Amino acid sequence: MSSRAPFPPATRTPLRPLATSLALVTAATVGLAGCGGGGSHGTGGGRRAALALTGYTSDQLKLALLTDITGYQRAGEPDSGEYGSLKGIQNFAQLQRQVTLDKPRCADAAAGQPDVDRAAPAALTSFNRGDGQVVTETLMGMPDEAAQRQIQRRVTSGCLAFRTRVGTRWAEHRVSEFPGGTIGRGSRTVGVSTISGTSHTRAWYVVLRGRHSVATVSLFGPNATRAEVEQLARQAYDRSEHYLP
């Protein structure tokens, strides 16, 4: 089930660390696979994972990542290796443990993710902009059937609105989902509006299928838009199609 309610108007309040953290954790809450939790600067411990049925190594996936985005600066070198070894994924998992949801059942939807193999080959890169906007691309090798299941995932109706707490601070989140997208070989777009105190942050995600792969392109920031993240997702798909045989 999806919600197409419009987001409230964005404020000019700069993106604050707490609002950023709360926005990032919504990736797991709405059950998105392959989302990185911000920039990564490691190399996945030097591991170069390869997954049967895809034939791609993490080195190949790293080469297929976006290398530049107009108006943004890359946040360190891309990370690659086994999905579970990526610094961005590990940092995100640590962040999840610090967050309390008012609807614990929503966290359960993200806990399983049976199609996501933590040993799968993956690569992740992030970009920052001066106004606090962050772009992250995660690319994971995955058999086509499992990749299609990721595109077909849906946010449960009871998790389209929820609250999270870090320490004593609460934030409110509202989710809009747009399935049936045509980016790449199929896609879905999810938007999350987060309000914490006077900070209003938007997070948009596109999950898309490529050739034996799944990419997640995320956009975080007070002025993030669906149009921008979908344009970035198209660029990411075009590059991956060129570099992945």
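Which strand holds histidine 200? Histidine 200 lies in strand β9. Strands here are DSSP runs of E with at least two residues, helices are runs of H or I with at least four, and both are numbered from the N terminus.

## The model and its confidence

This is a predicted model, in which local features need pLDDT of at least 70 and side-chain atom pairs count only at pLDDT 80 or more, while totals for chains, interfaces and linings use all residues. Residues are numbered from 1 along each chain as its sequence is written, and side-chain values use heavy atoms, with hydrogens and water left out.

pLDDT is the predictor's confidence in each residue, from 0 to 100. The chain has a mean pLDDT of 78. In the chain, 74% of residues reach 70 or more. Helix α6 has the highest confidence, at a mean of 97. Helix α1 (residues 17–29) has the lowest, at 48. Residues 31–52 have pLDDT below 50. That stretch still has 83 contacts in the model beyond near neighbours in sequence. A contact means heavy atoms within 4.5 Å. Residues 108–114 also stay under 50. For them the model has 8 contacts beyond four places in sequence. Where pLDDT is low, the predicted coordinates should not be read in detail.

## The overall fold

The chain contains 6 helices and 10 strands. Of its 245 residues, 54% are buried. Buried means under 20% relative accessible area, exposed means over 50%, and partly exposed is in between (1.4 Å probe, protein chains only). Take the contacts between residues at least 6 apart in sequence: 71% of them join residues at least 24 apart.

## The nonpolar core

A nonpolar core is a set of buried Ala, Val, Leu, Ile, Met, Phe, Trp, Tyr and Cys residues joined through side-chain atoms within 4.5 Å. The largest one has 26 residues. Ile69, Val135, Leu139 and Leu208 have the most contacts inside it. Helix α6 gives the most, with 5 residues.

Now look at leucine 208. Leaving aside neighbours within four places in sequence, leucine 208 touches residues including Ile151, Ile183, Val214, Ala233 and Tyr237.

Histidine 200 is buried, because its relative accessibility is 4%. Its C-alpha atom is 8.6 Å from that of glycine 221, which is 21 residues away along the chain. Arginine 209 is also in β9. Arginine 209 counts as buried because its relative accessible area is 14%. Beyond four places in sequence, its contacts include Asp144, Ala147, Ile151 and Tyr237.

Tyrosine 205 belongs to β9 (residues 199–210), and phenylalanine 220 to β10 (residues 213–221). Both are ring residues. Rings of Phe, Tyr and Trp (its six-membered ring) pair if their centres lie within 6.5 Å; planes under 30 degrees apart are stacked, over 60 edge-to-face, and the rest tilted. The count is 2 aromatic pairs. Tyrosine 205 and phenylalanine 220 form an edge-to-face pair, with 5.5 Å between centres and 80 degrees between planes. They are 15 residues apart. Tyrosine 205 is buried, at 0% relative accessibility. Phenylalanine 220 is buried too, at 4%.

## Charges over rings

A charge sits over a ring if NZ of Lys or CZ of Arg is within 6 Å of the ring centre and within 35 degrees of the ring normal. Arginine 163 places its charged end over the ring of tryptophan 170, 4.3 Å from the centre. Arginine 226 lies over the face of phenylalanine 178, 4.0 Å from the ring centre.

## Helices with a buried side

Helix α5 (residues 144–152) has Ala146, Ala147, Gln150 and Ile151 as its buried residues. They sit on the same side of α5, because they cover an arc of only 150 degrees around the axis. The arc is that of the directions from the helix axis to the C-beta atoms. These residues pack against β8 (187–196), β9 and β10.

In helix α3 (residues 87–96), the buried residues are Gly88, Ile89, Phe92 and Leu95. They fall within an arc of 120 degrees, so they line one face of the helix. An α-helix has 3.6 residues a turn, so residues three or four places apart point the same way.
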